[in-house]
Each structure stands twice: as structure tokens, then as C-alpha cells.
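Reader: Before we begin, could you set the model in view, and show me how to read a helix and then a single residue?

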Amino acid sequence: MNKAELISSIADQSGLSKTKAGRALEAFTDSVEAALKGGDRVSLVGFGSFSVDRREARTGRNPRTGEEIQIAAKNVVKFKPGAGLSEAVN
């Protein structure tokens with residue numbers, strides 16, 4: 001499912017127009033992004049949790065040449081599915 005299909009699904013299930021559903025989705029993603037940038041965790045009970053974790057610098061290997069390379073440290077977003085979501089897909 002891509003973004004346009006998700007907006008259509010939200011519009012159909014909520015009775016909103018596609019424009020309003022698109023704005024709601026944008027507001028949701030902007031809010032999650034802002035919270036994660038601020039160091040907060042976003043928990044949606046039954047769905048899952050978004051959090052930021054720090055990945056330390058490490059040495060990697062170029063698969064083509066075998067040469068060792070340094071991979072810089074960075075923040076990564078993690079998603080842990082909730083019990084409700086896990087049960088729904090199994």
C-alpha cells in the first residue's frame with residue numbers, strides 16, 4: 001500500500017474527503033517526526049511504538065572490493081509492533 005492508497009482507505013473508513021484524510025495523515029506523520037526529533041517516544045496502544053536509537057560508528061566492508069570502510073554513527077528510527085497488531089497479522 002502506498003501513500004495515495006492509504007489516504008483513500010482512511011477517507012473511505014472515516015467518511016472524510018481525500019483532501020482532509022491527506023491532511024490528517026500529514027499531521028500524524030509531522031507530529032511523530034517532531035516527537036522523535038525531540039527525543040520522545042510515540043506509543044499507540046495496540047498498534048506499536050516508535051522510538052529513536054543511537055547506532056554507533058563501526059567498521060564495515062565494501063562487498064565489491066573487500067576494502068574496510070568507516071560507517072559513521074547515526075540515529076535510527078525503530079518501530080516495535082504492539083500485541084494487537086502482532087495478533088492481527090498472525
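Reader: Which residues are buried in H1?

Author: This is a predicted model, in which local features need pLDDT of at least 70 and side-chain atom pairs count only at pLDDT 80 or more, while totals for chains, interfaces and linings use all residues. Residues are numbered from 1 along each chain as its sequence is written, and side-chain values use heavy atoms, with hydrogens and water left out. Buried means under 20% relative accessible area, exposed over 50% and partly exposed in between (1.4 Å probe, protein chains only); in H1 the buried residues are Ile7, Ser8 and Ala11.

Reader: Why do the buried residues of H1 line one face of the helix?

Author: An α-helix has 3.6 residues a turn, so residues three or four places apart point the same way. Viewed down the axis of H1, the buried residues lie within an arc of 100° (taken from the directions from the helix axis to the C-beta atoms), so they line one face of the helix. They pack against helix H2 (18-37), where contact means heavy atoms within 4.5 Å.

Reader: What is found at the start of H1, and what just after H1?

Author: At its start, a side-chain oxygen of Asn2 comes to within 3.1 Å of the backbone nitrogen of Ala4, and just after H1, Gly15 has a positive phi of about 80°.

Reader: Is Ser49 buried or exposed?

Author: Ser49, in strand S2 (residues 48-55), is buried, with a relative accessible area of 12%. Its side chain makes a polar contact of 3.2 Å with that of Arg41, a polar contact being a pair of N or O atoms within 3.5 Å; within protein, one must be able to donate a hydrogen and the other to accept it, and residues adjacent in sequence count only if both atoms are side-chain atoms.

Notes: Helix = DSSP H or I, 4+ residues; strand = E, 2+ residues; numbered from the N terminus.
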